Amino acid sequence: MSTQTVSTDVVEAKRITTQTLQEMKAAGVPIAMLTAYDYTSARILDEAGIDVLLVGDSASNVMAGHETTLPITLEHMIYHAQCVVRAVHRSLVIVDLPFGSFQSNPRRALQSAIRVMKESGAHGVKLEGGMDIIPSVERIISAGIPVMGHLGLTPQSIYRFGTYKVRAREEDEAVTLAQDALKLEQAGCFAIVLEKIPRELADRVTSSLSIPTIGIGAGTACDGQVLVTHDALGLTTDFNPRFVRHYAKLADVMTQAVQAYVADVRSGAFPSDSESYS
Ligand code: KIV
């Protein structure tokens, strides 16, 4: 995608909608998306200009400390979404339907999506998967709920993949992924996340679609980028795949601040007179 002559008018939008994202793709303005799970962080991210906040099921990893995204429940996701929605004025808030809340049948998928929308006030849902979930995607969209797709390395399928390696390097998997992307677009998805796939494939898929693609480990050709906020801000220190760029080292900042606090408490330097009441 060329970013040479982009118009920034579309990102001045008071409120980002699925329509705004479509306009951003058309205008060649890259979409910036990050994850959020709590009120305080969501407020900072929203005010800093993030277009889309994803209440990702990566909350299972970075908030709850699980090894995979599989354990997180619909109730947990709704709780995190409620916290994020309360903070947001401009960003579009999308919530992951967690593992087990949509795979069994389209009716169950719709019920889960309705619960997310009704109980959290979020603006749409994201579902991992291709061809198999098309009936569920159609059912949810027919109820008026915007759906974001997610293809490539879909972490809810980690036990089927058996590895977190790059997906779709082989031509048959690449062809299936490209077909799935078209089917998700035809089913009515407003955008698709492409996770950890070769950049040439992301380019091919992005040019074949009229809806935006949002990449994570999928190169620069996507219409937008997403990272897990804890990775981008350097809060996670033990997860360093090639696609993560650390925009800060918050783990170091926090460690130093906490060590200073401990030292002040031990020495009696905190609280001072001016931090006490008479
Ligand atoms: O759950 C999540 O954080 C995600 C992103 C990695 C796209 O799905």
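Helix H2 (39-47), strand E2 (52-55), helix H3 (59-62), strand E3 (92-96) and helix H5 (106-120) are among the elements that cover the buried residues of helix H4. This is a predicted model.

**Helix H4**
- H4 covers residues 74-87, 14 residues in total.
- The buried residues of H4 are Leu74, Met77, Ile78 and His80, together with Ala81, Cys83, Val84 and Ala87.

**H4 against H5**
- Two packed helices are described by the angle between their axes and by the distance between the axes.
- For H4 and H5, the angle is about 35 degrees and the axes are 9 Å apart.
- Their crossing is right-handed.
- On the H4 side, the contact uses Leu74, Glu75, Ile78, Ala81, Gln82 and Val85.
- On the H5 side, the partners are Ser112, Arg115, Val116, Glu119 and Ser120.
- The residues of this contact divide into five nonpolar, three polar and three charged.
- Leu74, Ile78 and Ala81 are in the contact with H5, and these residues are also on the list of buried residues of H4.

**Strands E4 and E5**
- Strand E5 spans residues 147-152 and is mostly covered, with six of its six residues buried.
- Strand E4 (residues 124-126) runs parallel to E5, and two bridges join them.
- Lys126 stands opposite Met148 in E5.

Terms used
Residues are numbered from 1 along each chain as its sequence is written. This is a predicted model: local features need pLDDT of at least 70, side-chain atom pairs count only at pLDDT 80 or more; totals for chains, interfaces and linings use all residues. Side-chain values use heavy atoms; hydrogens and water are left out. Helices (H or I, at least four residues) and strands (E, at least two) are DSSP runs, numbered from the N terminus. The expected span of a helix is 1.5 Å times one less than its number of residues. Buried means under 20% relative accessible area, exposed over 50%, partly exposed in between (1.4 Å probe, protein chains only). Contact means heavy atoms within 4.5 Å. Axes are lines fitted to C-alpha atoms, for helices over the stretch in contact, and angles run from 0 to 180 degrees between N-to-C directions. A crossing is left-handed if the near helix is turned anticlockwise from the far one by less than a right angle, and right-handed if clockwise. Ala, Val, Leu, Ile, Met, Phe, Trp, Tyr, Cys and Pro count as nonpolar, Asp, Glu, Lys and Arg as charged, and the others, Gly among them, as polar. Two strands pair if DSSP finds at least two bridges between them.
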